[in-house]
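The report below works through sheets, helices and aromatic contacts in turn. Please keep the structure in view while reading.

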Amino acid sequence: MCAEPIELTTENESSSIIVDTRRTRPRFFDGKFLTAADLTQEQSYLLTRQADLGRTLGFGVVDGLRVSRATVSASGLSSPAASVKITRGNGLTPAGEIVFLPNDLTIDLDNVAQMQRLSAAFGLTRDPQQAFQNLSGLFVLGLRAVEFTANPTPAYPPSVDGNSSLRDGEVIEATAFTIVPYDSDASRKDPRSARTRAAREIFLEQKNPSLPAGVLPLAMLFLRNGTLDWTDEWLVRREAGDDDRFGFGFAPRALSEAHFFHYQDMLKETPGANPGQLSAQSFLEIIPASGPLPASVINYTDFTQAWFPPEARVELAFVPEDELAALMEDSIDLPPINLALKPEDQDALAILVLAPVKRADFGNTLDKLKTLPAPPLRNFAPPLLGQQRPIEALLKLDAAFKLKRDQIGPAPVGADFATPAWREALSNVSQLWYIRRRNLPSGSGLAGTPLAVASAVLTTTELPSPVSTGSGTTTTDNTETDDVRPVISGKPEEELFKSLAEEQLWGRFAFFRTISDLPAHNDLVNLLTDPILTENKLGPLLQQALFTTMENAIPLISESPSENFDQIQK
C-alpha cells in the first residue's frame with residue numbers, strides 16, 4: 001500500500017491511475033460522525049475483496065454437493081415426479097461468491113424458482129414465470145448466494161420529538177436453488193438424444209451452458225411436462241481449483257475429468273447386446289480419450305469387438321494394475337473420440353485395450369504369452385467395400401499368402417494355439433480399460449512402442465549399389481561404399497538384391513529401405529523373399545503389385561515409417 005498522498009488533480013497523474021469504485025472503504029478518524037452508511041460501506045468493501053479472491057481460485061464445487069434422483073419427496077411421498085437429493089458441501093460461483101449446504105437435502109423441483117435471465121440488479125427476470133407442470137426440455141439446477149434482512153430491532157428517534165420504530169437489524173446470507181433453461185438444439189430432442197447431444201456440445205465443441213455468473217451449476221435435468229426424466233451432474237458439474245492447461249485449443253482439465261465421470265455413468269445404461277457386438281455409437285456420440293469398457297465388449301471366441309469404429313486400429317495388452325491410474329492421467333490431454341466422424345476420417349484412430357493384472361502376476365503372464373502373438377481385435381462389422389483403403393486390399397492379399405504357406409510348409413504359431421492362451425490369461429481380468437494412442441511423426445525410439453521380433457541374425461554389411469549396364473538393366477556392385485547399414489545377412493537377401501535389380505525394382509526397394517528402421521527393413525526383406533513370390537512364375541508381377549500398393553498406402557496411414565510398414569506388412 002502506498003503511504004504517500006497522491007494528488008489526482010493534474011491530468012497526467014489522473015490518467016495513470018485507475019480507480020476501482022467497487023472497493024471504496026470509509027476512512028475513520030477521531031471526531032468523525034459515524035453513520036450507518038459508513039459501516040455498510042465497510043462491509044461491502046470486505047465482501048467485494050472476498051469475491052475477487054474467490055474468482056482467482058476458479059469456480060466449482062469444493063466439497064460434496066452431489067446430486068441424484070430422490071426416491072422420496074421432501075414431504076415423504078414415494079416415487080415423486082420431480083425430486084432430487086443433494087448432499088452437504090460448499091462451492092464457489094463464477095462470481096466468486098460462496099454457497100454452502102450444511103446438511104443433506106431433498107428438494108422438490110416444483111418449489112424451486114425458475115430463473116431465465118439474470119438482471120444486473122437483482123438476478124431475477126421480470127418476465128412472467130411459466131408453470132412448472134408445463135416445463136419440458138433441458139434445465140440446469142444450480143445454487144446461488146442470496147441475502148435477506150430479519151430480526152426487527154427498535155430504532156430510536158434521532159431527535160427528542162421523534163417516534164421510535166422497528167427495523168430489521170440483521171442481514172442473513174443464504175443459499176438458494178434455481179433452475180436455468182439450457183438453450184440448445186439438444187433441448188428439443190427426445191430424452192436419450194438430448195443427453196448425448198448435450199454431451200457432444202459441452203465436451204467436444206466446448207459450448208458451455210450460458211449461465212448467470214452468480215449460479216454454481218450442479219446438474220443437468222431433463223423435464224417432460226414437469227416430470228423428471230433423468231439427471232446428469234457431470235454435464236455441468238466442475239471441481240474447483242486452478243487449471244494447468246496452456247491454451248492451443250486444449251480443453252480445461254476440469255472439463256476432461258467431468259467427461260470421464262459422465263462416461264462412467266453412461267455405462268450404467270448400456271443397452272444389451274451379444275458379446276463383441278455392443279457398439280458405442282449405438283447410444284453415444286463421443287467417448288473420452290480413456291476409460292473403462294463395459295462387460296462383454298470383446299467376444300473371446302474370435303476376439304471381435306464393435307465398441308470402436310471399424311476403421312480404428314485396436315490392440316490388446318496387459319498392464320500392471322498399479323500403473324493404470326498413470327496411464328489414464330497421461331491420456332487426459334488427448335481429445336475425445338468422435339464417433340460421428342466419416343469412415344475415411346477415422347483412419348488415424350489407434351486404440352490400446354488394457355487388461356490390468358496384479359503386479360505379482362504380471363511377470364508370469366508375460367512369460368506365458370511372450371512367444372504367442374496377441375490376437376488382433378477385429379471389428380464385428382468390417383468397413384463396407386466402397387470404404388476400404390488400398391492397405392486393406394494388401395492385408396487380404398497377405399492373408400492369402402499365409403494360407404498358401406500353411407499348405408506348402410510348416411506354419412508358425414497361429415491363432416488356433418495363441419487364442420486359448422490369451423483367453424485363459426484374460427479370464428482373471430474383471431475390468432478392461434482403453435486409452436487413445438498418440439499419432440507421432442516417429443515412434444521408433446519411444447519406450448513402449450511394439451516392434452516385431454526379427455527372425456534372422458542382424459549384422460552390419462555393405463549396401464550394394466545399383467549399377468547401370470549398357471543394355472539398360474540394373475545390376476548390383478559389391479564395391480566399397482560409404483553407405484553402410486545393418487541388414488539381414490545370408491544368401492536369401494543377396495538373391496533378393498539380384499532379382500530386384502533384374503526386375504528394375506531396386507530403386508523402389510531402396511526408397512522403402514531409406515524411410516524404414518531396422519525391424520521394418522527386416523520385415524520387408526522377409527516378405528519379398530517369401531516362397532510364394534520366389535517360387536512362383538507370377539512372383540515378379542506380385543512384387544510389382546506389392547510395391548505399388550505400399551507406395552499408395554503410405555500417405556494414408558501415418559508419418560511414422562515403422563508404423564507405416566507395420567500396417568502394410570500385416
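Val61 has Gly91 of strand E4 as its bridge partner, within a pairing of E1 and E4 (residues 89-92) that is antiparallel and spans four bridges. Strands (E, at least two residues) and helices (H or I, at least four) are DSSP runs numbered from the N terminus, and two strands pair if DSSP finds at least two bridges between them. The model is a predicted one, in which local features need pLDDT of at least 70 and side-chain atom pairs count only at pLDDT 80 or more, whereas totals for chains, interfaces and linings use all residues. Residues are numbered from 1 along each chain as its sequence is written, and side-chain values use heavy atoms, with hydrogens and water left out.

The open sheet to which this pairing belongs has three strands in the order E1-E4-E5, paired in the antiparallel sense. Strand E1 (60-64) and strand E5 (98-101) each have a single partner strand and stand at the edges, so one side of each is left without a neighbour in the sheet. From one strand to the next, the twist averages 15 degrees, where axes are lines fitted to C-alpha atoms (for helices over the stretch in contact) and angles run from 0 to 180 degrees between N-to-C directions.

A further open sheet has four strands in the order E13-E20-E18-E16, and its pairing is mixed. Its edge strands, E13 (290-292) and E16 (313-320), pair on one side only, and neighbouring strands are turned against each other by 25 degrees on average, direction ignored. Strand E18 (residues 350-357) runs antiparallel to strand E20 (residues 433-436), with four bridges joining the two; Leu352 has Ile435 in E20 as its bridge partner.

| Helix | Strands crossed | Angle |

Which residues of H6 are buried? Phe362, Thr365 and Leu369 are buried in H6, the term standing for under 20% relative accessible area, with exposed over 50% and partly exposed in between (1.4 Å probe, protein chains only). These residues lie on the same side of H6 because they cover an arc of only 75 degrees around the axis, the arc being that of the directions from the helix axis to the C-beta atoms. Ala360 and Lys368 are exposed on the face of H6 turned away from its buried side.

Arg200, found in helix H3 (residues 191-204), is buried with a relative accessible area of 17%. Leaving aside neighbours within four places in sequence, Arg200 is in contact with Glu205, Glu285, Ile286, Asn338 and Ala340.

Across the whole structure, a search finds eight aromatic pairs; rings of Phe, Tyr and Trp (its six-membered ring) pair if their centres lie within 6.5 Å, with planes under 30 degrees apart counted as stacked, over 60 as edge-to-face and the rest as tilted. One of these pairs, Tyr300 with Phe303, is edge-to-face, at 5.7 Å centre to centre and 70 degrees between the planes. Tyr300 is partly exposed at 26% relative accessible area, whereas Phe303 is buried at 1%. Trp234, Phe260 and Phe261 are linked into a cluster by ring pairs.

The charged end of Arg237 sits over the ring of Trp234, 5.4 Å from its centre, and Arg195 lies over the face of Trp230, at 5.2 Å from the ring centre. Such a placement requires NZ of Lys or CZ of Arg within 6 Å of the ring centre and within 35 degrees of the ring normal.

Definitions and conventions. Contact means heavy atoms within 4.5 Å.
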